[in-house]
Amino acid sequence: MDAPPKAQRMTMTATNTWIVIGALGLGTFLLRFSFLALLGKRELPDSVLRLLRYTPVAVIPGLMAPQIILPATGSTGPDPIRLAAVAITVLVGVWSKNVISALIAGVVSLALLSWVLG
Amino acid sequence: MNTAPLTARTSYWRGMREGGPFILIVFPFGIVFGVVAIEAGFSLTQTMAFTISAYAGAAQLTAIQLMSESAPLAIVILTALAVNARMAMYSASLAPHLGKAPMWHRALMGYLMVDQTYALSSMAYDRFPQMSLAAKTGYYFGVASLIWPVWVAGSLAGAVVGNLIPSWVPLGFAVPIAFMAMVGPMLRTLAHVAAALVSVIGALVFSPVPYSLGLLIAAVLAMVTGALVETWMLRRKPSA
């Protein structure tokens, strides 16, 4: 997702484009509202709560891992600058327990490493 | 940073403040979407309607990519929804905290649910277990009322003036950095570390699974791992 992918112009008609816009809007809302709407005041069993406690840490690293680790199209391996910037981001986050410090460390190290090595 | 937010109002401002740095990420991500949508042939109206109705950057980019590849309509919709399926997990995970809020609050929370609102709120609820429902609601809407306008403004900026941005600016890689910045502070116990490792390995191993379902498989395995390691640690230290 580095340089925005150069998409070819679509062949889809305006009607179909609006169908995608409507369906994705409605479907995404239903996914988001689902359990907030249904569970309401009901209490969940402890075993389920225990699973749900790990939702953020189970989803977010996996959501990003392929982009960070798998080689981009046309290159043979992961980009060492990006790997280093991500490693610094995570380590500062673990050490400081603070999202903002981790974010600043990550952006600064990405900029510096790209400038020095790139 | 360590005093608990108690009232709805102080929580709202705290949420907005802690969401602040994500402007630096959400705005460029919005620009990326705006640029890609216009390049793919969306009108300005369609671009903005899409970004406001779906409010889900990764899914929007996925849909546009597939539309550009002339994929069948059903595949475009289902694949983009699969990218958003993690939102159902977020919804389940927030329900114990926010489920007692009025229905229209919960509907609005649903619409405004993105990775940042979810992750920051769930971290705040973990940090301050004594937060009241009003405080939890305030915090959530504090983060959300910052992220939403920034996302919409970024999309608009990308759609209108995106072609002026030089191609060497690495807008895209700011997104993984922002997400990984949220991961470090989440790694509080061995169980969290184990879940994160399974999530990464699973996502890589299952990345060839079609329709973005690999992430869901990895996430479920990681959640089970976290719960099992937690159970195992509790058994070793019954006093904890």
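A nonpolar core, for this tour, is a set of buried Ala, Val, Leu, Ile, Met, Phe, Trp, Tyr and Cys residues joined through C-beta atoms within 7 Å. Buried means that 20 or more other C-beta atoms lie within 10 Å of a residue's own; exposed means 12 or fewer, partly exposed is in between, and the C-beta atoms are placed from the backbone. You're looking at a predicted model, where local features need pLDDT of at least 70 and side-chain atom pairs count only at pLDDT 80 or more, while totals for chains, interfaces and linings use all residues. Residues are numbered from 1 along each chain as its sequence is written, and chains are lettered from A and ligands numbered from 1 in the order in which they are written.

**Stop 1: chain A**

Select chain A and colour by secondary structure: you get 5 helices and 0 strands. Helices here are DSSP runs of H or I with at least four residues, strands are E runs of at least two, and both are numbered from the N terminus. Of the 118 residues in chain A, 40% are buried.

**Stop 2: the side facing chain B**

Now show what touches across the two chains, with contact taken as backbone-placed C-beta atoms within 7 Å. Chain A puts in 75 residues and chain B 87. On the chain A side, helix 1 (14-39), helix 2 (46-52), helix 3 (55-69), helix 4 and helix 5 each give two or more residues. Helix 1 of chain A gives the most, with 20 residues. Colour that side by class and you'll find 49 nonpolar, 17 polar and 9 charged residues. The classes are Ala, Val, Leu, Ile, Met, Phe, Trp, Tyr, Cys and Pro as nonpolar, Asp, Glu, Lys and Arg as charged, and the others, Gly among them, as polar.

**Stop 3**

Which residues touch the most other members of the largest nonpolar core? Pick A:Leu24, B:Ile177 and B:Ala195, out of 114 residues in that core. Centre on A:Leu24: its contacts beyond four places in sequence include B:Ser53, B:Ala54, B:Ile77 and B:Leu81.

Axes are lines fitted to C-alpha atoms, for helices over the stretch in contact, with angles from 0 to 180 degrees between N-to-C directions. Show A:Val20, A:Leu24 and A:Thr28 meeting B:Ala59, B:Ala63 and B:Met67.

**Stop 3: helix 4 of chain A**

Select residues 80-96 of chain A with helix 10 (residues 174-183) of chain B: their axes are 7 Å apart, at an angle of about 30 degrees. That makes these two helices roughly parallel. At the contact, look for A:Ala85, A:Val86, A:Thr89, A:Val90 and A:Gly93 against B:Pro176, B:Ile177, B:Met180, B:Ala181 and B:Val183.

**Stop 5**

Go to A:Ala105 in helix 5 (residues 99-117) of chain A. Is A:Ala105 buried or exposed? A:Ala105 is buried, because 23 other C-beta atoms lie within 10 Å. Leaving out residues up to four places away, A:Ala105 touches A:Ile88, A:Thr89 and A:Val92.

Finish at A:Leu49, in helix 2 of chain A. A:Leu49 has 15 C-beta neighbours inside 10 Å, so A:Leu49 counts as partly exposed. Beyond four places in sequence, A:Leu49 is in contact with A:Leu44 and B:Pro96.

Definitions and conventions
Angles under 35 degrees count as roughly parallel, over 145 as roughly antiparallel, 65 to 115 as roughly perpendicular and the rest as oblique.
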